[in-house]
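Hi,

Here is the structure I promised to pass on. Have a look at it first, and my notes follow below.

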Amino acid sequence: MFQIFRDFNSSKFQVSEFILMGFPGIHSWQHWLSLPLALLYVLALIANSLIVTVIYQEASLHQPMYHFLGILAIVDMGLATTIMPKILAILWFNAKTISFNECFAQMYAIHFFVAMESGIFVCMALDRYVAICRPLRYPSIVTESFVVKATLSMALRNCVAPMSVPVLAAQRNYCYQNQINHCFCTNLGVTSLSCDDRRINSINQLVLAWAIMGSDLGLIMISYALILRSVLKLNSAEAASKALSTCTSHLILILFFYTVIIVMSITHSAKMSVPVIPVLLNVLHNVIPPALNPMVYALKNKELKQGLYKLLKLDVKGD
């Protein structure tokens, strides 16, 4: 698809491919980062595959909360796979070149999966809100049909909204510079090489960030504010603790996910004197949550933990 925009604008393209330089400022020893990154990637694939398998096999986990968790696991694997194979190819085989179409496709996929993860967090927050604040109506509101409709709505939103990012990037005039000081194709990293005005790209990125991530975070904050208000009204401390315990793992992942996004935005805006920091944060944000999410849920959720023990044929008598 992006080839169409390139052909339409072919007179402006004087470079045929981009070169991903990797981590700026540490090119001579960046290959040492490949081991921890590869381990995180493998961990993300194995852990999320186990989560999906357990939820699929265990009838007791066929509930909306676990369906959303399974979808999150699939999204996490997609997010990590969007960037990690290319990063490892750069670090191991010095395979730094990437075609225009591949670069713009990767740019789109990253935006899709990050927005999808944010959207699934919203669905999970709404699920917990109904379960805690409207418990009697929970079975009639949060049904399998609700899960399917919510997931499809988020998928449609995140398929359409980020499309403008690679399309606008493909319209820029790339005259001679083609070395990207990054490990993968980011919107600002690629468009910074263009010869013409890229303000429209920056504005579009900012509007999308506020429209998608900002609105998602707002809905999550409102949901948990209402949950907290409802919990504080409970007379029993034990009941309040039990209600909040179902949200703990979700809150940990949300805090990490959005905190890193905010830190990345600040570091990019500040134009730090150590350019490797924003790049490293960007890479870690796309690989640590996929590795962290399943472990947090497995440790904090008794039913999921028991399902994992059963799948791995481990003794659970001590649980």
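Let me start with Asp196, which counts as partly exposed because its relative accessibility is 26%. Please keep in mind that this is a predicted model. The side chain of Asp196 meets that of Arg172 in a salt bridge, at 3.3 Å from N to O. The two sit in distant parts of the chain, 24 residues apart: Asp196 is in the loop between α8 (187-191) and α9 (199-232), and Arg172 is in the loop between α7 (164-170) and β3 (179-180). Arg172 has a relative accessible area of 11%, so this residue is buried.

Glu58 pairs with Lys310 at 3.4 Å, N to O. This pair spans 252 residues, from the loop between α2 (34-57) and α3 (64-93) to helix α12 (residues 302-311). Glu58 is buried at 16% relative accessibility, while Lys310 is exposed at 56%. Then there is Arg128 with Asp127, whose closest N and O atoms are 2.9 Å apart. Here Arg128 is buried at 10%, and Asp127 is buried too, at 1% relative accessibility.

On to helix packing. The axes of α4 (residues 100-133) and α6 (residues 144-160) come within 9 Å and cross at roughly 150°, so the two helices are roughly antiparallel. The crossing is right-handed. Residues meeting there include Phe112 and Met116 from α4, and Met154 and Arg157 from α6. The contact is made up of ten nonpolar residues, three polar and one charged.

Best wishes

Notes
Residues numbered from 1 in each chain as written. Predicted model: local features only at pLDDT ≥ 70, side-chain atom pairs only at ≥ 80, totals over all residues. Heavy atoms only, no water. Axes fitted to C-alpha atoms, helices over the stretch in contact; angles between N-to-C directions. Helix = DSSP H or I, 4+ residues; strand = E, 2+ residues; numbered from the N terminus. Parallel < 35°, antiparallel > 145°, perpendicular 65-115°, else oblique. Left-handed = near helix turned anticlockwise from the far one by under 90°. Contact = heavy atoms within 4.5 Å. Nonpolar A, V, L, I, M, F, W, Y, C, P; charged D, E, K, R; others polar. Salt bridge = Lys/Arg side-chain N within 4 Å of Asp/Glu carboxyl O. Buried < 20%, exposed > 50% of the residue type's maximum accessible area, 1.4 Å probe, protein only.
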